[in-house]
Amino acid sequence: ETAAFSQNLKQIIRLAPAFEKLPPEQREVLDLLCTKIARVLVGNNKEKDHWADIAGYAKLGEEACD
């Protein structure tokens, strides 16, 4: 169930006009974020590691802006 939800999120993100213009690092970050968001919404929303990972992945996306 989590994997299916994550895949659906990834498909939606790939529909964005600017997705293909993103560097590979940011595209990967978005994939990882989808996985973690799915784990929060389908699994355990009280798992602190999910939230910490989301913050960490967002930081990696920010670093790819340099």
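Colleague: In which helix is lysine 36 found?

Modeller: This is a predicted model. In it, lysine 36 belongs to helix α2, which covers residues 24-42.

Colleague: Is lysine 36 buried or exposed?

Modeller: Lysine 36 is buried: its relative accessible area is 7%, and the cut-off for buried is under 20%.

Colleague: Which residues does lysine 36 touch, leaving aside those up to four places away in sequence?

Modeller: With those set aside, lysine 36 is in contact with His50, Asp53, Ile54 and Tyr57.

Colleague: What does lysine 36 form with aspartate 53 through their side chains?

Modeller: The two side chains form a salt bridge, with an N to O distance of 2.6 Å. This pair connects distant parts of the chain, since lysine 36 lies in helix α2 and aspartate 53 in helix α3 (residues 48-63), 17 residues apart.

Colleague: Is aspartate 53 buried or partly exposed?

Modeller: Aspartate 53 is partly exposed, at a relative accessible area of 28%.

Colleague: How far apart are lysine 36 and lysine 10?

Modeller: Their C-alpha atoms are 12 Å apart in space, and 26 residues separate them in sequence.

Colleague: Which side chain meets that of aspartate 31 in a salt bridge?

Modeller: The side chain of arginine 14 does, at 3.0 Å from N to O. This pair also links distant parts of the chain, 17 residues apart: aspartate 31 is in helix α2 and arginine 14 is in helix α1 (residues 2-14).

Colleague: What are the accessibilities of aspartate 31 and arginine 14?

Modeller: Aspartate 31 is buried, with a relative accessible area of 14%, whereas arginine 14 is partly exposed at 41%.

Colleague: And what is the distance between the closest N and O atoms of lysine 59 and glutamate 62?

Modeller: Those atoms are 3.1 Å apart, and the two residues form a salt bridge.

Colleague: Where do lysine 59 and glutamate 62 sit relative to each other in helix α3?

Modeller: About one helical turn separates lysine 59 and glutamate 62, because they are 3 residues apart in helix α3. Lysine 59 is partly exposed at 43% relative accessible area, and glutamate 62 is likewise partly exposed, at 47%.

Notes: Residues are numbered from 1 along each chain as its sequence is written. This is a predicted model: local features need pLDDT of at least 70, side-chain atom pairs count only at pLDDT 80 or more; totals for chains, interfaces and linings use all residues. Side-chain values use heavy atoms; hydrogens and water are left out. Helices (H or I, at least four residues) and strands (E, at least two) are DSSP runs, numbered from the N terminus. Buried means under 20% relative accessible area, exposed over 50%, partly exposed in between (1.4 Å probe, protein chains only). Contact means heavy atoms within 4.5 Å. A salt bridge is a side-chain nitrogen of Lys or Arg within 4 Å of a carboxyl oxygen of Asp or Glu.
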